[in-house]
Amino acid sequence: MEHLSLDKIIRFISFDEINDENLRLASEVNLHMIECSRCRNKVLSIQNTLEHLLSYSGVKGVDVSNIIIDEDIRSELDNFYGKKD
Amino acid sequence: MGKMTRDEYCREFALMVQEVTCRSGAKYDALCRIAESFLKPYIYSRCLKYPSLRFANAGDDIYHDVLICLIKSCIDKFLYRNGTLNYDPDGFLRWIYTVARNAVVDAARAFASKGFFEREMVNEDGEPIDIPSNDNPFASVEINETLHECFRAVLTFDSSLHIIFTWIVRAILLIRCDVTSDAGEVVENKVNALVVNTFSDLTMSEIYAIICLEAKKIPWLNISEAENSRILGLLEEPYRGERPLGDVKYSEFFMKKGGKATVSDWVNRVNMRIIKAVNAGSI
Ligand SMILES: [Zn+2]
């Protein structure tokens with residue numbers, strides 16, 4: 001099995017538009033990752049590190065507590081599961 | 001679109017799994033319908049709660065980013081994260097809400113830090129400021145232009161790739177992180193520790209992918225076609241006659257004195273070369 005090239009992985013991780021070309025790329029990379037743990041781990045570790053880097057940037061101490069309370073997600077889910085079909 | 005009932009959701013989830021794993025070509029239509037039903041209203045309501053995110057299109061932009069993030073990470077971060085199909089509709093719903101939550105937080109922080117790079121680089125009068133580092137090679141010259149020149153020069157240095165990558169990722173961290181307000185020595189220590197913590201477990205090709213991805217966002221970090229091909233070629237060469245260099249973990253290059261001291265040593269080596277190049281007039 002031929003592994004994903006670094007260039008393809010970079011294009012996959014960096015696309016920021018939903019169009020036919022990018023969806024084809026997503027399909028190819030995602031299907032390969034189902035079969036190949038080596039490429040899956042590679043993509044995953046690059047994605048995780050980028051997220052990590054993102055968390056370093058920005059002004060520290062920006063208070064987001066008034067928009068995000070983790071309880072909110074729980075209550076969204078509770079509402080959904082309590083919802084009658 | 002109103003929110004789906006649980007039965008509807010379970011049907012959509014089953015369809016989504018079928019679509020995203022279809023060998024003849026994956027599709028993401030059911031995934032998008034699930035996101036629209038659950039995450040769109042959630043994201044819009046969060047945006048309304050935060051004054052900075054009440055500008056036009058904030059909800060649209062964040063929702064769009066979340067959708068792309070789900071398409072890119074549904075396989076490796078959820079459905080096949082352990083190598084076999086994780087058929088867990090409830091877990092999936094929790095996961096997509098978490099993705100949306102994080103996207104809203106990132107957007108709020110990004111908005112608050114708009115102009116962050118510029119603020120780090122100039123003083124109140126708009127004059128460039130120095131990065132407070134004792135052996136900082138940019139100390140006496142206009143910073144952006146110099147950074148651009150330095151990156152271009154460093155990429156062509158004939159030092160080992162792990163040393164060049166170290167200098168580049170450290171510079172990225174230094175600029176990304178809010179450590180420049182600390183005193184020089186503290187900055188050195190903090191940022192070297194960050195390099196070690198962030199990159200130790202990554203392979204050389206993963207680090208290069210991150211450099212390329214960061215380069216797309218940083219105007220003064222350009223990688224020419226020629227440099228890119230040269231580096232990709234080097235990453236494919238066998239390291240110590242075994243695996244390709246690209247598959248070697250960064251931490252395998254650390255010297256006995258430990259990651260932080262090694263990073264400091266490598267960075268100094270590159271800085272010395274930059275200073276030489278500046279003195280010789282080639283930067
Ligand atoms: Zn592979």
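1. Basis. The model is predicted: local features need pLDDT of at least 70, side-chain atom pairs count only at pLDDT 80 or more, and totals for chains, interfaces and linings use all residues. Residues are numbered from 1 along each chain as its sequence is written, chains are lettered from A and ligands numbered from 1 in the order written, and side-chain values use heavy atoms, without hydrogens or water.

2. Zinc donors. His3(A) through ND1, His32(A) through NE2, and Cys36(A) and Cys39(A) through SG are the protein donors of the zinc ion, at 2.1 to 2.3 Å. Donors here are N, O and S atoms within 2.8 Å of the metal (3.2 Å for Na, K and Ca); water is not among the atoms, so sites may look incomplete. The spacing in sequence is H-x28-H-x3-C-x2-C. Helices are DSSP runs (H or I, at least four residues), numbered from the N terminus.

3. Zinc geometry. Why is the arrangement irregular? The four donor atoms subtend angles of 97 to 138 degrees. Four donors count as tetrahedral if all angles lie between 85 and 135 degrees; four count as square planar and six as octahedral if opposite donors are over 155 degrees apart and all others between 65 and 115; anything else is irregular.

4. Cys39(A) is buried, at 1% relative accessible area. His3(A) is partly exposed, at 33%. The cut-offs are under 20% for buried, over 50% for exposed, and partly exposed in between (1.4 Å probe, protein chains only).

5. Helix α3(A). This helix has 20 residues and spans 28 Å from first to last C-alpha, close to the expected 28 Å. The expected span is 1.5 Å times one less than the number of residues. Its buried residues include Cys39(A), Val43(A), Ile46(A), Leu50(A) and Leu53(A).

6. Ser200(B). This residue lies in the loop between α8 (184-199) and α9 (204-215) of chain B. Ser200(B) is buried, at 12%. Beyond four places in sequence, its contacts (heavy atoms within 4.5 Å) include Lys249(B), Tyr250(B) and Phe254(B).

7. Interface. In chain B, 67 residues contact 54 residues of chain A. Three salt bridges are counted between the chains. One is Arg23(B) with Glu35(A), closest N and O atoms 3.0 Å apart. A salt bridge needs a side-chain nitrogen of Lys or Arg within 4 Å of a carboxyl oxygen of Asp or Glu.

Key: Helix = DSSP H or I, 4+ residues; strand = E, 2+ residues; numbered from the N terminus.
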